[in-house]
Amino acid sequence: MNVKDIFGENLKHFRKLKRITQEELSERLGITPNHLSRIENGKSFVTAELLDALCVIFNVSPATFFYTPQEFTGDDSLFARIDSVIDTELEKLSIHLKERIRP
C-alpha cells in the first residue's frame with residue numbers, strides 16, 4: 001500500500017465518521033467532488049493547504065492521515081468518535097428544544 005492509498009483510506013474513514021458526504025467536504029475544501037474522490041481512491045494527493053484544512057475540519061494532526069491500520073493508535077480516532085457523538089447529541093437536543101418551543 002502506498003502513501004496516497006493510506007492517506008485516501010484515512011480521509012474516507014474520518015469523513016464517514018463525521019457523517020460528511022464527499023459533496024459537503026469538497027465544498028468546504030473548495031475543490032470538486034471528483035477531485036476529492038480521486039484523493040480518497042489514491043489517484044491524487046493533497047496539497048499542504050488541503051492537508052491543513054482537513055486537519056482543522058477533522059480536528060486531527062497531519063500525521064493521523066498517514067498511519068496504516070496496524071500503526072494507528074486510535075487516539076485521534078477516539079476523539080473523532082467522541083466529537084461525532086457530541087455532534088449527534090447536540091443535533092438531537094436542538095430538535096427537541098425547537099419542538100418544545102414551537103407550538
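**Entry 1: a loop residue and the ground rules**

Does N59 count as buried, partly exposed or exposed? I looked it up: N59 counts as exposed, at 56% relative accessibility. The scale I use is relative accessible area, where buried means under 20%, exposed means over 50% and partly exposed lies in between (1.4 Å probe, protein chains only). I note that this is a predicted model, in which local features need pLDDT of at least 70 and side-chain atom pairs count only at pLDDT 80 or more, while totals for chains, interfaces and linings use all residues. Residues are numbered from 1 along each chain as its sequence is written, and side-chain values use heavy atoms, with hydrogens and water left out.

**Entry 2: the whole chain**

I found five helices and zero strands in the protein chain. Here helices (H or I, at least four residues) and strands (E, at least two) are DSSP runs, numbered from the N terminus. The pattern along the sequence reads α-α-α-α-α.

I took the box of the C-alpha atoms along the principal axes: roughly 55 × 30 × 20 Å. Of the 103 residues in the protein chain, 33% are buried. The chain exposes about 6800 Å², and carbon and sulfur atoms supply 55% of that area. Accessible areas come from the Shrake-Rupley method with a 1.4 Å probe, and for residues only the protein chains shown count as cover.

I also looked at contacts, meaning heavy atoms within 4.5 Å. Among contacts in the protein chain with a separation of 6 or more, 62% are between residues 24 or more positions apart.

**Entry 3: the core**

Next I looked up the largest nonpolar core. Such a core is a set of buried Ala, Val, Leu, Ile, Met, Phe, Trp, Tyr and Cys residues joined through side-chain atoms within 4.5 Å. The largest one has 20 residues, and those touching the most other members are F7, L11, L25, L29, L54, F58 and F65. Helix 1 (3–17), helix 2 (22–29), helix 3 and helix 4 each supply at least two residues of this core. Helix 4 gives the most, with six residues.

I followed L11 further. Leaving aside neighbours within four places in sequence, L11 is in contact with L25, L36, I39, E40, L54, F58 and F65.

I then turned to S26, which is found in helix 2. S26 counts as buried, at 1% relative accessibility. With neighbours within four places again left aside, S26 is in contact with I31, T32, P33 and L36.

**Entry 4: salt bridges**

How many salt bridges does the count come to? A salt bridge is a side-chain nitrogen of Lys or Arg within 4 Å of a carboxyl oxygen of Asp or Glu. By this rule I get three.

The side chains of E40 and R15 meet in one of them, at 2.5 Å from N to O. E40 lies in helix 3 and R15 in helix 1, so the pair ties together parts that are 25 residues apart in sequence. E40 is buried, with a relative accessible area of 3%, and R15 also counts as buried, at 8%.

K18 forms a salt bridge with D87, and the closest N and O atoms are 4.0 Å apart. D87 counts as partly exposed, at 42% relative accessibility.

K92 and E89 also meet through their side chains in a salt bridge (3.4 Å, N to O). Both are in helix 5, three residues apart, so about one helical turn separates them. E89 is partly exposed, with a relative accessible area of 41%.

**Entry 5: loops**

I checked N41, which is found in the loop between helix 3 (33–40) and helix 4 (48–58). N41 is partly exposed, with a relative accessible area of 41%. Not counting residues up to four places away in sequence, N41 touches D5 and K12. From N41 to A63 I read 22 residues in sequence and 19 Å in space, C-alpha to C-alpha.

Last, I looked at phi. Most residues other than glycine have a negative phi. R19 has a positive phi of about 55° although it is not a glycine. R19 sits in the loop between helix 1 and helix 2 and counts as exposed, at 60% relative accessibility. Phi of N59 is near 55°, also a positive value in a residue other than glycine. N59 has its place in the loop between helix 4 and helix 5.
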